[in-house]
Amino acid sequence: MSALSLDLSALQQRPLFTSDLRVDSHDLVAREFSDHGLKWCGGPVATSLSKVRVRQLQLFMLQYGAEVEIRPRPFDDFVLVHLSLSGTAEMVSDGVPIRLPAGAAALIAPRHNLHMRWQQGARQLILKVPCQLLRAWAPELLVGDSTFAHPLLPLSAGQGQQWHFLMQSLLHVSQQAVESTAHARWVDHMESNVALFLASCAQSVPVPAAPLLDAGADKLLPGAHGDVRRLDRLDAYMRSRLCAPVALEDLARAAGVSVRGLNMLCQRHHGESPMALLRNMRLDAVRARLQERRGHCVTDAALEFGFGHLGRFSSYYRERFGELPSQTAGN
C-alpha cells in the first residue's frame, strides 16, 4: 500500500483553508501546530490545510506549493507523525537528520530545535498525537510528562506499510458518527493502538537512526549533547537581551565556545549565523508585540528590540514574514 493509494477523501472534504498569501499561510498553520519561522524559497504559494478529528487524534493534510524552510518551536504536549504523500521533506530534529521521500514516515518530537525543508509541491499527511494518549498507553516513551524519548523516529519500510493501514482506518473512522457506546469504545481502542504501535517502533530503534537517509546525507555529529547544552545557554542569553546591545563575542562567551566555534554551531543546527539567529529572534518579538497591541507604533517596537536602522528593519521584517510591519500593526 503506497501513500498514493490512500483514500484521502475525508480530508479533501474538510479543508480548513487555502491561500496564496504568505502571511495568512504562516498564521493559520501556526494555530494548528506551533509558532514557527517560515521562509519561502521559490515557487508559487498555494497553501492548503485540511483536518479531521477522530477523538484525541487529529489528522492533517498540508502543502505549501512553494519550496519552504520551516523552523518550529518545540511542540507543546504533542508529537507529530509525518507521512510524505508527494515530494520530499528533509528534516533535522535536535541534530538528527532524515529525508522523507514520498511514502516514507517518521515521528518528530524535538526538544530543542527542528529545521525542515519541503521541496516545491511537497504534501504531508500529519498525525497530531497528544502526549496524554502516550502517557495513558505508552508511558515508557516519555521523559517526564510531555517529552518524547526520541527527537526523530523514522519508520522502516515494514512499519511504514502498517502505518499506512492505520492512517486509512483512522480516515474512514473520522467520517463515521458515533452511534453507540460500543462504537466509541472501539474508536478509543483504535487510538490506543496508535500509541502502542509507536511504542513498538521506538523499542525497535534504541538509538535514533535514519534508515531513509541518502548515503551522502549528514551523519549524527559527535558531541551532540554538548551542542545542545551550548545552544540552550545561547538561547537563554539571547532571550534575556532582546532589548540590549549584544556583540558576537558576547554570544560566544555565553555559549562557552570561540567565535569560530559559535558560527559552526549555529550553522550546523540552525543553518544561519549567530547574529542572524538573534535578529530573527528579535523580529519575532517585534511581531508578537505588534500583534498583541494593534495600532502600536512600529518605530517604538523596532527600537525597543534593538533595531536602530528602520529601513533595514523593514526589509528584514518583510523577508521573514512576507509583509511590512505596518501591515501587521494595522496602521
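The entries below go through the sheets, then the helix contacts, then the cavities and the pocket.

**Ground rules**

I am working from a predicted model, in which local features need pLDDT of at least 70, side-chain atom pairs count only at pLDDT 80 or more, and totals for chains, interfaces and linings use all residues. Residues are numbered from 1 along each chain as its sequence is written, and side-chain values use heavy atoms, with hydrogens and water left out.

**Entry 1: the five-strand sheet**

I looked up the strand order (strands are DSSP runs of E, at least two residues, and helices are runs of H or I, at least four residues, both numbered from the N terminus). Five strands make an open, antiparallel sheet in the order β2-β5-β10-β7-β8. Pairing here takes at least two DSSP bridges between two strands. β2 (36-42) and β8 (96-100) are the edge strands, each pairing on one side only. I noted an average twist of 10° from one strand to the next; axes are lines fitted to C-alpha atoms, for helices over the stretch in contact, and angles run from 0 to 180 degrees between N-to-C directions.

Then I checked the pairs. β2 and β5 run antiparallel and are joined by six bridges. Histidine 36 stands opposite proline 72 in β5, and glycine 37 has arginine 71 of β5 as its bridge partner. β5 also pairs with β10, again antiparallel, over three bridges; there, glutamate 69 stands opposite arginine 117 in β10.

**Entry 2: the seven-strand sheet**

The other sheet I looked up is open and antiparallel, with seven strands in the order β1-β3-β4-β11-β6-β9-β14. Its edges are β1 (15-19) and β14 (152-154), each with a single partner strand, so one side of each has no neighbour in the sheet. The twist averages 15° from one strand to the next.

For me, contact means heavy atoms within 4.5 Å. Helix α4 (residues 157-174) lies across β3, β4, β6, β9 (105-108), β11 and β14, running at about 80° to β11.

**Entry 3: two helix pairs**

How do α9 and α11 pack? Helix α9 (residues 274-292) meets helix α11 (residues 310-321) at an angle of about 85°, with the axes 10 Å apart. The two are therefore roughly perpendicular (65 to 115 degrees counts as that; under 35 is roughly parallel, over 145 roughly antiparallel, and the rest oblique). On the α9 side I find Arg279, Asn280, Leu283, Asp284, Val286, Arg287 and Leu290, and on the α11 side Phe313, Tyr316, Tyr317, Arg320 and Phe321. That contact has seven nonpolar, one polar and four charged residues. My classes: Ala, Val, Leu, Ile, Met, Phe, Trp, Tyr, Cys and Pro are nonpolar, Asp, Glu, Lys and Arg are charged, and the others, Gly among them, are polar.

Next I took helix α7 (residues 248-255), whose axis comes within 9 Å of that of α8, crossing at roughly 80°. That makes α7 roughly perpendicular to α8. Leu248, Glu249, Leu251, Ala252 and Ala255 of α7 meet Val259, Leu262 and Asn263 of α8. By class I get six nonpolar, one polar and one charged.

On a 1 Å grid over the protein atoms alone, a cavity is a set of points where a 1.4 Å probe fits but cannot get out; a pocket is an open set with protein on both sides within 12 Å along at least five of seven lines; lining residues have an atom within 4 Å of a point. Points are joined across faces, edges and corners, and a volume is the space filled by probe spheres set on them.

I found three cavities of 30 Å³ or more. The largest cavity holds about 140 Å³. It has 15 lining residues, with Phe33, Ile70, Pro72, Leu80 and Met116 closest to its centre. β10 supplies the largest share of that lining, three residues. The lining of the largest cavity splits into 12 nonpolar, three polar and no charged.

The largest pocket comes to about 820 Å³. Of its 38 lining residues, Arg71, Pro72, Arg73, Arg239 and Asp284 lie nearest its centre. α9 gives the most to the lining of the largest pocket, eight residues. That lining counts 15 nonpolar, 10 polar and 13 charged residues.
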